[in-house]
Amino acid sequence: MRYDTINADLFKLNRKNFAKQMKKNSLAVFVSNDIITRSADSAYKWRQNPDLFYLTGIDQEETFLILFPDAPEAKYQEVLFTRKTNDYLMWWEGKKHSTESAQRTSGIDNVIWNDQFDAIFSMLMHYAENVYLNTNEHDRGVGMGEASEVKFARKVLNDFPLHKYERSAPIMHHLRVSKSNYEVALLNRAIDITKKGFMRTLKTIKPGVWEYEIEAALIHEYIANRGTGHAYEPIIATGENACVLHYISNDAQCKAGDLLLMDTAGEYANYNADLTRTVPVSGKYTKRQKAVYNAVLRVHRAVKEMMKPGVVLNDINIEAGKLMEEELIKLRLLKTAEVRKQNPASPLYKKYFPHGTCHFLGLDVHDLGNRFEKLRAGAVLTCEPGIYIREEKMGIRIENNILVTSGKPVDLMANIPIEAEEIEELMNT
Ligand SMILES: [Mn+2]
């Protein structure tokens, strides 16, 4: 693996927490992601199913996990199935997990080759009353088509039509919100890598540079520091491109006097950072740019302080909108009289700030969690207000990653330059 060995206690703890939420006499089963064909005989870059990774740490295809806390024989309380390796695989793909390395990585004693999965699963099903199956559930997601989990669930439902079925997703959504110290440490590694990438861009950005050149500098820094790649498709958007929220073509040339919005971060051990900075191409913000920048920064700082246990993420988004409304009035983009008359269902600030301010972060960039539930300590949220003014061909977003604690919120990106003056200084030295 590119990343350092992760303490198996993390995965043991996660399985223990999952098992606690299961009904009596239940079996839960998790499957890895398929390798997806791109075309001909090549495949898309594979990534482990984040729930399976969360419970096992096994970063390998064709893996299954069965959790059966009330299993009739203790050895079946936790069973991990890994891909059976052979000479052919050794020649073409190299080393796979051995039984011992899978045991060490996951902390699971009972590791079996996956060619025995069907027989053992079938046997255990006879003793289970409820069966937990997992699918990708996300309130912004639009389905996964024929994902491995969906195919697997269909097969199980077909083969065992009389069991009672439960969804694992609500449990995963609950558990994955609150990060343990092990996970915060992994997120901090992703953030360190991300900082290195950002600092490097400050030396690269100047009039005439192309957006893709910045993207190339970033991926070099992420990978050279043991990251596994971009945490998500990077948005390197100069001038009016910054007003396209998911701009990823990154194919324009940076012009003197324009701003450059960079929403980009590294991934480390499947954990993601999520950073946005907006910097002046010429190394100095204009007066207007700085005024808008500081308005976004004030909202960013005020919202950050709201991230406390007991607060609901959705309410933070609503409060952030109100703060933004005041700033947009001060910037003379909105008029007080018009704001007073506005339809509360579609507030005027949305014209300049059309997105939410925070989302959960972790093994997924838009991590699992319930935005209508009270936050708990250990949640990691992004804080990313922005102002986009098409008429002025500028978009500014400032984003950091914040850890909710029982005390004050901790800004995990506090050491990444954010003040306009600080950024100007770094670009000019
Ligand atoms: Mn984000």
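This is a predicted model: local features need pLDDT of at least 70, side-chain atom pairs count only at pLDDT 80 or more; totals for chains, interfaces and linings use all residues.
Local features need pLDDT of at least 70, side-chain atom pairs count only at pLDDT 80 or more, and totals for chains, interfaces and linings use all residues. Residues are numbered from 1 along each chain as its sequence is written, and side-chain values use heavy atoms, with hydrogens and water left out.

Now look at where they meet. In domain 1, 17 residues are in contact (heavy atoms within 4.5 Å) with 19 residues of domain 2. The buried area is about 1,600 Å². That is the accessible area (1.4 Å probe) that two parts lose on being put together, summed over both. Carbon and sulfur atoms give 45% of it. On the domain 1 side, Leu10, Arg47 and Arg176 lose the most area to domain 2, together 35% of what that side buries.

Next, the charges. Between the domains there are 4 salt bridges (a side-chain nitrogen of Lys or Arg within 4 Å of a carboxyl oxygen of Asp or Glu). Arg47 forms a salt bridge with Glu267. Their closest N and O atoms are 2.8 Å apart.

Which helices of domain 1 each supply at least two residues to the side that touches domain 2? They are helix 1 (9-20), helix 2 (50-56) and helix 7 (169-177). Helices here are DSSP runs (H or I, at least four residues), numbered from the N terminus.
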